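I opened this entry to look up how two chains meet. My notes follow the order in which I checked things.

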Amino acid sequence: MLIKRAADLRESDVTPKETFLRRREFLAVAGSTAVAVATNGLGPVFTATPTAAAQNPAAQKLANLKKSPFSTDEKLNSYKDITTYNNFYEFGLDKADPGKYAHTLKPKPWSVVVEGQCGKPGAYNIEDIMKWAPLEERIYRLRCVEAWSMVVPWVGYPLSEFLKRFEPTSKAKYVEFKTLVDTRQMPGQTEPALNWPYVEGLRMDEAMHPLTLLGLGLYGEVLPNQNGAPIRLVVPWKYGFKSIKSIVRVRFVETEPINTWKQQQSSEYGFFANVNPQVDHPRWTQGSERRLGEFFRRKTLMFNGYGDQVASLYAGMDLRKNY
Amino acid sequence: MFKPVVWILCLAPLGFLIYDGFTDNLTANPIEKVTNTTGIWTLRLIVATLAITPLRGLTGVNPLVNYRRLLGLFAFFYGSIHFIIYVVTTFFVGGFSEFDASGLGADLVKRPYITAGFTAFVLMIPLAVTSTTGWIRRLGGKRWNLLHRLVYITALAGVLHYFWKVKLDATYPVYYGLAVALFLGIRVWIAYSKTQLRKS
């Protein structure tokens, strides 16, 4: 399989966060002067706001991050956007709920149980998992099935590095992931909004693809609770719901797992859930999206712009049927 | 005599949105926030207009009818903002130069919740236009009343629009549906009682 580098990368080095944030401050000032005239002072709504002060001073910093050639150089969404606008129904249905209520989650101690078709099943704790491969920063587009998107500077390492350790057997065709179930830590689970635990799955070749990230942090810090602490998936060419959060169980299986949203409403959400502007959601178009922070929509890209790297995974498949 | 109070109450949701805009409190997705807020206030105000007639009947406070037009026009006001934001921020892609008209057309026809919402909005236009005293005189009370029964369809379509939009939790749409059913039900019941009276 040919792995191409991200098409939109213009330099191998990503601008350091500090420099980047100052650039945004400058843009915010320059932009708001213009916008203030047009919108009579509603500047804060449509211009980027500085993010440095908004970050969590108590959060554990992750140092010596490798830069990745897979990163995009698009404008990042602010830490505030990324941590106050989340679909994480374990903490409530409103997108502001996880930011408000996820403090009840205890990401330490944490262990992940690995089972199924593999040579080394067992329970592994998060401190060890964090050390299994060098941490990288990966700046990815995130496209939600609800037609909004963000650009997020994730921290993590390739999921393949994680999965290889357990020596999956030839019978492992798929890998299934499950989120924690604990109504004290995740009070939203007292409501039967979804069938808990949240389940997701990937075909083995998708899981082993170099773009697929085991997410352990963002903005150079460990994951905030509302973003799926302490361990999650990041699968940038698929709709956001595939990137399961707060994982406690990994199982290598022979048959296609039934993921939560497919189980919930199979006419609207499938197993593959690849970002595809040609296949509309029954209730809205997937041809365009709102990048948070922008007024107008932008066109949605096939495989969320990662087609050069992943299209070959689906050669010969009818993506209209396998949505 | 309470008209200034009603004006202030009806403008309050807009005021809060503007205040939140200034103070950067419209969430990470301000367009969604403004769209949802104006949408829900449209529905609330429509339900409020439907409540006037039954309330008059039950309490005998006839001057209540003086507020109905104001509430109705504010419903149309919020509905217009809601509709314009939806069109502008969904179908202008990348700027004002590219308008996706076929996308809008497809949305109106193919997506039941959009069809319902659009129906609800369009039917409010003749009601807003003919809301003046001049139009009541021109049409005559009977015909005017008949025309303004279109609001029943607006209310039902508005509830459907909300119901079909939500992803999981339909509790609130159901509450609004029950409110509309109640206020329309009272009308049916009153009309039925009148025919019974006439018979006896």
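**Contact between chain B and chain A**

I counted 3 salt bridges between chain B and chain A. This is a predicted model, so I read every value as computed.

I then looked up one of these bridges. The side chains of D280(A) and R111(B) form a salt bridge, with N to O at 2.9 Å. Polar contacts came next. Chain B and chain A have 10 residue pairs in polar contact, both residues at pLDDT 80 or more.

Which helices of chain B supply at least two residues each to the side that touches chain A? I noted α1 (3–22), α2 (30–59), α3 (68–91) and α8 (150–165). I also sorted that side of chain B by class. It has 14 nonpolar, 6 polar and 8 charged residues.

**Extent of the contact**

I looked up how many residues take part. Chain B gives 28 residues and chain A gives 38 residues. Together the two chains bury about 2,700 Å². Carbon and sulfur atoms hold 57% of that area. In chain B, the residues that lose the most area to chain A are A28(B), K167(B) and L168(B). Together they make up 26% of what that side buries.

**Chain B by itself**

I checked the fold elements next. Chain B has 9 helices and 0 strands. Along the sequence I read the pattern α-α-α-α-α-α-α-α-α.

Chain B has 200 residues, and 40% of them count as buried. Its accessible surface comes to about 11,300 Å². Of that surface, 71% belongs to carbon and sulfur atoms. I also looked at contacts between residues at least 6 apart in the sequence of chain B. Of these, 64% join residues at least 24 apart.

**T285(A)**

I went back to chain A for one residue. T285(A) sits in the loop between α8 (260–264) and β12 (288–291) of chain A. Is T285(A) buried or exposed? T285(A) counts as buried because its relative accessibility is 18%, under the 20% cut-off.

I listed its contacts, leaving aside neighbours within four places in sequence. T285(A) touches A147(A), D280(A), R297(A) and R111(B).

What joins the side chains of T285(A) and D280(A)? I found a polar contact of 3.5 Å. The side chain of T285(A) also has a polar atom 2.9 Å from the backbone nitrogen of G287(A).

Key:
Residues numbered from 1 in each chain as written. Chains lettered and ligands numbered in written order. Predicted model: local features only at pLDDT ≥ 70, side-chain atom pairs only at ≥ 80, totals over all residues. Heavy atoms only, no water. Contact = heavy atoms within 4.5 Å. Buried area = accessible area lost by both parts, 1.4 Å probe. Salt bridge = Lys/Arg side-chain N within 4 Å of Asp/Glu carboxyl O. Polar contact = N/O pair within 3.5 Å; in protein donor to acceptor, adjacent residues only side chain to side chain. Helix = DSSP H or I, 4+ residues; strand = E, 2+ residues; numbered from the N terminus. Nonpolar A, V, L, I, M, F, W, Y, C, P; charged D, E, K, R; others polar. Buried < 20%, exposed > 50% of the residue type's maximum accessible area, 1.4 Å probe, protein only. Areas by Shrake-Rupley, 256 points an atom, 1.4 Å probe, with all protein chains shown as cover.
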